[in-house]
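These are my notebook entries on one structure, set down in the order in which I looked things up. The sequence and the structure come first.

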Amino acid sequence: MTELSHLAAVRESYDTVAAAYVTRVLAPAQLDPLSRAMLAAFAELVQKASLGPVADLGRGPGRVTAYLAELGLSAFGIDLSPKMIGLARHAYPSLRFDVGSMTALDLPDDELGGILAFFSTHHTPPEHLPVVFTEFHRTLAPGGYLMLGGHIGDDEHLRHTQAYGGHPVSYESYFLSLDRIAELLGQADLIVTARLRQEPGNRAKRPHAYLLARKPE
């Protein structure tokens with residue numbers, strides 16, 4: 001099967017910017033208090049349910065995966081970019097990192113106690129999000145948790161040519177409304193239990209949000 005064009009663009013672009021990304025993106029401990037609180041709440045819910053490991057999807061250089069491990073979770077990271085995975089494996093050799101796509105996760109059904117998609121779904125065209133969310137549902141154990149965080153907007157579509165210090169990229173970004181994302185999750189039988197919207201401020205140039213959802217038991 002031919003790879004979807006947006007996946008190829010994301011892989012090639014993040015391979016190009018991988019080294020610059022590490023120097024320009026905040027570490028989890030440097031995030032604002034609400035973002036850290038949402039990660040901590042997600043970790044507590046997954047630990048209490050004790051249903052399996054956590055897949056940290058679209059994980060880049062591994063910092064968030066390591067942060068989840070510090071919070072007490074059995075976590076591993078998956079990213080489309082081999083260079084990002086190489087950086088993650090070098091920085092955190094005790095943790096597992098795999099090259100893969102959230103459109104077709106190489107994981108058994110009902111395997112995961114949690115999935116974190118932290119600012120990693122906005123390069124997916126909206127028409128392909130149902131495939132991604134169906135994979136989330138398939139791989140989560142009944143009762144498992146999903147936390148999705150990312151930029152939101154009013155169905156905005158941006159085409160990028162440069163990023164992270166002027167490096168050439170070819171990916172696109174899609175910023176959907178919070179309600180639309182929740183609707184798509186619901187269509188995949190992932191029940192939203194909490195949502196948090198943050199307005200632009202400090203380093204954030206656009207609104208972003210976090211949603212907690214759960215696969216029915």
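Which residues in H1 meet which residues in H4? I note before answering that this is a predicted model. From H1 I listed Arg11, Tyr14, Asp15, Ala18, Ala19, Tyr21 and Val22, and from H4 their partners Pro82, Lys83, Met84 and Leu87. Sorted by class, this contact of H1 with H4 comprises 8 nonpolar and 3 charged residues, with no polar ones. I then looked up the geometry: the axes of helix H1 (residues 5-24) and helix H4 (residues 82-91) come within 7 Å and cross at roughly 35°.

Entry on the sheet. I traced an open sheet of 7 strands with mixed pairing, in the order S3-S2-S1-S4-S5-S11-S10. Its edge strands are S3 (97-99) and S10 (191-198), each of which pairs on one side only. Direction ignored, neighbouring strands of this sheet are turned by 15° against each other on average.

Strand S4 (residues 112-118) and S5 run parallel and are joined by 6 bridges. Opposite Ile115 I found Leu146 in S5.

Entry on the helices beside these strands. Helix H6 (residues 178-187) packs on the sheet, where I recorded that H6 touches S5, S10 and S11. The direction of H6 makes about 160° with that of S10.

For H5 I asked which residues are buried. They are Leu129, Val132, Phe133, Glu135, Phe136, His137 and Thr139. The cover over these buried residues includes strand S1 (54-57), S4, S5 and H6.

Entry on cavities. I searched the whole structure and found 1 cavity of 30 Å³ or more. The volume of the largest cavity is about 170 Å³. It is lined by 18 residues, of which Thr121, His122, His151, Tyr174 and Ile181 are the closest to its centre.

Which elements each supply at least two residues of this lining? I noted helix H5 (129-139) and the strands S5 (140-151), S9 (172-175) and S11 (208-214). Strand S5 gives the most to the lining of the largest cavity, namely 4 residues. By class, I counted 11 nonpolar and 7 polar residues in the lining, and no charged ones.

Definitions and conventions
Residues are numbered from 1 along each chain as its sequence is written. This is a predicted model: local features need pLDDT of at least 70, side-chain atom pairs count only at pLDDT 80 or more; totals for chains, interfaces and linings use all residues. Side-chain values use heavy atoms; hydrogens and water are left out. On a 1 Å grid over the protein atoms alone, a cavity is a set of points where a 1.4 Å probe fits but cannot get out, and a pocket is an open set with protein on both sides within 12 Å along at least five of seven lines; lining residues have an atom within 4 Å of a point. Grid points are joined across faces, edges and corners, and a volume is the space filled by probe spheres set on the points. Ala, Val, Leu, Ile, Met, Phe, Trp, Tyr, Cys and Pro count as nonpolar, Asp, Glu, Lys and Arg as charged, and the others, Gly among them, as polar. Two strands pair if DSSP finds at least two bridges between them. Axes are lines fitted to C-alpha atoms, for helices over the stretch in contact, and angles run from 0 to 180 degrees between N-to-C directions. Contact means heavy atoms within 4.5 Å. Buried means under 20% relative accessible area, exposed over 50%, partly exposed in between (1.4 Å probe, protein chains only).
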